[in-house]
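Keep the view open beside the text and look for each residue as it comes up.

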Amino acid sequence: MGQITSLFVRKVVGVVEEGIDKDDLLQSVGIEPDEPVDPSKMVSDKVYYAFLERIAAAENNGSTLPLRAGAAMRCDDYGAFGLAWKSATNLRGSYERAERYAQVLTSVSTYEVERADLGAFMHLHRAGERRLGLRLSNEATIASIVSISQQISTKPFKPLAVYFKHPAPKVIENHKAYFNCPIHFDSDRDALFVSHESLQTPNQLGDESISKFFDTHLEAELSKLADPNSLEQRVRIHVSRCLSEGVPSISDVAWHFNMGGRTLQRRLSERGYSFQTLVDESRRQLAEQLLQQTDYSLAEVAFMTGFSEQSAFTRAFKRWAGQTPRSFRLNP
C-alpha cells in the first residue's frame with residue numbers, strides 16, 4: 001500500500017470551501033485536528049484519493065481544488081525536504097533535489113528531470129488506477145511545483161507548457177489562468193516543461209546560513225591540507241562543495257576536472273584512494289561539523305550531507321564514527 005504525507009491532507013483541508021467541516025475531513029483520514037503538523041506522518045494513497053474525491057463532490061467548484069491546494073504550498077511546509085529545495089542555487093538544483101528526495105513525502109510518486117532542446121521536463125510519475133482522486137492529486141502536485149518555483153526564483157516564473165495524462169475537466173479556464181501557459185490534457189505524460197533560462201535563474205530563498213557554513217567548512221578543510229593541489233584533495237574539496245546539492249557522481253566530478261570517470265578512478269587508485277572513500281570522508285567531516293557547530297535537526301543534517309532519509313544517514317554515521325549522530329552531538 002502506498003503512503004502520502006499528511007502535510008498534503010492539511011493543505012487541502014486549509015483551502016476547502018466554506019461550509020465544509022474541516023475537523024471531520026481530518027478525522028476521516030485518521031488525523032486529529034489538534035495534532036501538530038508532521039510531514040513524516042503518512043496516510044495511505046487510497047485513503048488520500050478518496051478524501052480528494054469526497055471534497056471535490058461536496059464543493060461547488062471542485063475542479064479548482066488542486067489549484068487552490070497547490071497555490072497554498074510553501075517551501076517551509078516541507079520540513080527538511082523544503083530546506084533541500086530552497087537551499088539549491090537555482091531551479092534546476094531544486095528540481096534535481098526533488099527527483100532525489102521525493103520518497104520522504106510519498107512512496108507512490110517519483111520525479112524525473114529530462115533535458116530537452118528548449119529546457120527540461122519535470123516529470124511526475126505516479127502509479128495507480130487513474131481514478132478521479134489520483135488525477136486531482138497529480139494536478140495539485142504540478143500546481144505546487146509551479147507555486148514553489150514562483151516563490152523561490154529571482155525572476156518571474158512561468159512554465160513553457162503543462163501536460164496531464166488525464167482528460168480535461170469540463171471547465172479549464174481556471175487552469176489556464178493558474179498555469180498561464182499552454183495546457184495539454186490527454187497527453188502521454190504528467191509534467192512541466194521549463195525553459196533553460198528559468199532553470200538557471202538563481203533562487204532567492206537560498207539559505208544564507210547554509211552557504212556561510214559551507215564556505216567556512218571548506219576554508220577549514222583547505223587550511224588542514226598539506227598539499228591542497230593534489231588530486232585527491234581537490235576531489236574532496238569539490239565533493240564538499242557539491243554536497244549541498246546532493247552527492248555528485250564520479251562522472252560529474254571527472255567532468256569538472258576535464259577527464260573521464262575511468263581516468264579519474266585510475267588516477268585516484270594510483271594514489272591509494274577510491275572515489276567512494278573520498279566521498280565518505282567528505283560526508284563524514286561535514287556531518288561532524290554540522291552536528292557540533294549548528295542546531296540543524298538530524299533530518300536536515302542528513303539532507304545537507306546528501307542522504308535521502310535520516311535512517312540511511314544514521315546507519316552511515318554509525319559506520320563512520322561508531323556511534324549515532326545524536327550521541328555524537330551530545331558527547332562529541
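Start with Asp188, which counts as exposed because its relative accessible area is 58%. Here, buried means under 20% relative accessible area, exposed means over 50%, and partly exposed lies in between (1.4 Å probe, protein chains only). The side chain of Asp188 meets that of Arg189 in a salt bridge, at 3.1 Å from N to O. A salt bridge is a side-chain nitrogen of Lys or Arg within 4 Å of a carboxyl oxygen of Asp or Glu.

Before going on, a word on what you are looking at: this is a predicted model, in which local features need pLDDT of at least 70 and side-chain atom pairs count only at pLDDT 80 or more, while totals for chains, interfaces and linings use all residues. Residues are numbered from 1 along each chain as its sequence is written, and side-chain values use heavy atoms, with hydrogens and water left out.

How many salt bridges does a search of the whole structure find? The search finds 13. One of them joins the side chains of Arg130 and Asp190, at 3.3 Å from N to O. Arg130 sits in the loop between strand E4 (119-126) and H7, and Asp190 in the loop between strand E6 (183-184) and strand E7 (191-195), so this pair ties together parts that are 60 residues apart in sequence. Helices (H or I, at least four residues) and strands (E, at least two) are DSSP runs, numbered from the N terminus. Is Asp190 buried or exposed? Asp190 is buried, with a relative accessible area of 2%, whereas Arg130 is partly exposed at 33%.

Next, find Lys155 and Glu197, whose closest N and O atoms are 3.9 Å apart in another salt bridge. Because Lys155 lies in the loop between H7 and strand E5 (161-163) and Glu197 in helix H9 (residues 196-200), the pair ties together parts that are 42 residues apart in sequence. Lys155 is partly exposed at 45% relative accessibility, while Glu197 is exposed at 55%.

Now follow helix H7 itself, residues 132-152. H7 is mostly covered, with 18 of its 21 residues buried.

Finally, turn to Pro325 in helix H17 (residues 325-330). Pro325 is buried, at 2% relative accessibility.
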